[in-house]
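Colleague: I have just opened this one and would like to go through it slowly with you. Could you take my questions as they come?

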Amino acid sequence: MSISRTDIEKVALLGRLRLTEAELDTMTDQLAQIVGYVDQLAEVNTGGVEPMAHAIELANVFKDDEVAPSLPREEALATAPHHDGRGYLVPAVLGD
Amino acid sequence: MSLLQQTASEHLRKLESGEVTSVELTESFLRRIADVDERVGAFLRVEADAALKRAVEIDARRAKGQPIGRLAGLPVAVKDNLCERGHLTTCASRILANFRAPYDATVIARLRAADAVLIGRTNMDEFAMGGSTENSAFQATHNPWDLERTPGGSSGGSAAAVAAGMTPLALGSDTGGSIRQPAGLCGVVGMKPTYGRVSRFGLVAFASSLDQVGPFGQSVEDVALLLETIAGHDPQDSTSLDAPVPRYSQTVNQPLKDLRIGWVREHFGPGLDSEVEAAVRAALDVYKSLGATLHEISLPHSKYAVATYYVIAPSEASSNLARYDGVHYGYRTDETQMLAELEAERKQLAGAGDRAGLEMLDSALVRMYRRTRAEGFGPEVKRRIMLGTYALSAGYYDAYYLKALKVRRLIRQDFDRAFEKVDLIAGPITAAPAFKLGEMAGDPLAMYLVDLYTVSANLAGIPALCLPAGHSKTGLPIGLQLQAPPLQEERLLRGARMYEQATNWHKQRANL
């Protein structure tokens, strides 16, 4: 499957990356090469094979719904680049 | 020097008998780090003061006859993707350069409970993505056997630290070979346990269905000791296995009777270096001389393992790394500059009457995400995010991600069938010894193909180990990989120890 530069621009937006013109060029070439290699999976007959999501398939793990201490707000906020002591601060989302 | 030639198990015996104190031991490893790490670059941070303080405390408790843990007083180095409360955990990434973890990874808590001395944090490929440790945002690590060569990766710092005698033990993580491959290239022992054997709680996620924490040491005995310390069920990790953990160190010296060793036809294909092939065949002969029987087996889907891995791992990575958004953790782009940039673009598009362009223009929040991630991530991490986002995007999910999950099951079934006939599988860890730093730069696909022999164990979830099994004519270590069925770590360690006791490769040290 061929990958165009437009595809790469779209994927960069979906992946929340901002790539320079040079990076877009390199990425287009490299992804085409890697995806070209990965395309060999198409030749494997996987009819009737269930997808394997985890290496050791476990039954669902349940636990009681009990109140327990969690990370205090100030400690969670301490890792953030910008906060006001109550919540995370981000650039304005609405109003423009 | 002689102190540094000894294994962790020997150090422990001397600590227990009072022949050496933890302070003396820790000081000698710190001196070794001061002497050689400028050339090797294994450590991102050496925690000398904290380590010595801890050593003093453990010595005092031992002197008073108070209870002490299984690794009491023994230095352990830790890969920089395991969280330690209040300490930096950078994943060798600019985006986490200032991140201090608010909690302990379970393996860190277990090391502390065992009274290990945490001596420092080791270098790695950024977010564990790579096989050379060259993708670290901070420094290169050099192979102690030849400083112009890679130590392998992504746990290259941990492998090099053990190989250079800067620590007796180290932790790494293995998503596609990141413990075993550097162990092989640096001539030490490294092990990836069964998926779920060791808790992933507090391990910074790369590909959650493949990631596993594991030990490095100078001998199989040492690796057994460290594994039994960190393994076991953890309610904080829902994929952790609720199965009893044997005392591996108590049984590791017992040879296995009637051992059936499988060798894989597909492992000896074109591309395998002749010296590596000779070393692996010689290792098979060693097993034969120890009474094991050799059996040719086939893993017919192994040739698809790298392709399968490079769909699944980047897909999971692109999803896991979405959390680095400049909001919750670490780095954020300069907002004033970001808003000025957006405003300039807006004016330019408005001036040109480009309505479509204006509609497509990022919002301030999206531009903040995009600039933060563009500035915070290195090229390999960006490549994996792009690859994973592509494989998961509308129209491609079935063709790539779902298809890869199906081939993954076929790869696992190959192993299940093979293990009906053999107890362990032996083979190469890489097609060739350590390559030169910079040799693979600019060719990501060639770099991915280095993972040929390692990724299958992660896809299948089985335990695998690499131990020293030879040297090239140029003096570079060659590793032997052993693989076992799920949860058969005890068999794997005992089988590896049989080889180790019959050979001297693990006693060879890099000349630094």
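Colleague: Of the contacts in chain B with a separation of 6 or more, what percentage comes from residues 24 or more positions apart?
Modeller: This is a predicted model, so everything I tell you is computed from predicted coordinates. In chain B, residues 24 or more positions apart account for 77% of the contacts with a separation of 6 or more.

Colleague: And which helices and strands does chain B have, in numbers?
Modeller: The secondary structure of chain B comes to 19 helices and eleven strands. Its C-alpha trace spans about 80 × 55 × 45 Å along the principal axes, and buried residues make up 59% of the 512 residues of chain B.

Colleague: What radius of gyration would a compact globule with 512 residues have, and what does chain B have?
Modeller: A compact globule with 512 residues would have a radius of gyration near 24 Å, and chain B has 23 Å, so the value agrees with that expectation.

Colleague: Now chain A, please. What is it built from?
Modeller: Chain A has three helices and zero strands, and from the N terminus on its elements run α-α-α. The radius of gyration of chain A is 22 Å, whereas the globule rule gives 12 Å for 96 residues, and because the value is well over the rule, chain A is more spread out than a compact globule. The C-alpha trace of chain A spans about 50 × 45 × 25 Å along its principal axes, and buried residues make up 17% of its 96 residues.

Colleague: How many residues does each chain bring to the contact?
Modeller: The contact takes 42 residues from chain A and 57 residues from chain B. On the side of chain A that touches chain B, α1 (5-14), α2 (21-38) and α3 (73-78) each supply at least two residues, and the largest share, seven residues, comes from α2(A). The residues of that side of chain A divide into 30 nonpolar, eight polar and four charged.

Colleague: Where do the axes of α1(A) and α15(B) run relative to each other?
Modeller: The axes of α1(A) and helix α15 (residues 379-392) of chain B come within 9 Å and cross at roughly 100°, and since angles of 65 to 115 degrees count as roughly perpendicular, that makes α1(A) roughly perpendicular to α15(B).

Colleague: Which residues make that contact?
Modeller: From α1(A) they are A:V11, A:A12 and A:L14, and from α15(B) they are B:M386, B:T389 and B:Y390. The residues of this contact divide into five nonpolar, one polar and no charged.

Colleague: What is phi of B:A128, then?
Modeller: Phi of B:A128 is near 70°, a positive value in a residue other than glycine. B:T133 is not a glycine either, and has a positive phi of about 65°. B:A128 is found in the loop between β3 and α6 of chain B, and B:T133 lies in that loop as well.

Colleague: Are those two buried or exposed, and why?
Modeller: A residue counts as buried if 20 or more other C-beta atoms lie within 10 Å of its own. B:A128 has 30 of them, so it is buried, and B:T133 has 33, so it is buried too.

Colleague: Back to helices: how far apart are the end C-alpha atoms of α11(B)?
Modeller: The end C-alpha atoms of helix α11 (residues 305-320) of chain B are 22 Å apart, which agrees with the 22 Å that its 16 residues should span at 1.5 Å a residue.

How values were computed. Residues are numbered from 1 along each chain as its sequence is written. Chains are lettered from A and ligands numbered from 1 in the order in which they are written. This is a predicted model: local features need pLDDT of at least 70, side-chain atom pairs count only at pLDDT 80 or more; totals for chains, interfaces and linings use all residues. Two residues are in contact if their C-beta atoms, placed from the backbone, lie within 7 Å. Helices (H or I, at least four residues) and strands (E, at least two) are DSSP runs, numbered from the N terminus. Ala, Val, Leu, Ile, Met, Phe, Trp, Tyr, Cys and Pro count as nonpolar, Asp, Glu, Lys and Arg as charged, and the others, Gly among them, as polar. The expected span of a helix is 1.5 Å times one less than its number of residues. The radius of gyration is taken over C-alpha atoms; the globule rule is 2.2 Å times the number of residues to the power 0.38. A residue is buried if 20 or more other C-beta atoms lie within 10 Å of its own, exposed if 12 or fewer, and partly exposed in between; C-beta atoms are placed from the backbone. Axes are lines fitted to C-alpha atoms, for helices over the stretch in contact, and angles run from 0 to 180 degrees between N-to-C directions. Angles under 35 degrees count as roughly parallel, over 145 as roughly antiparallel, 65 to 115 as roughly perpendicular and the rest as oblique.
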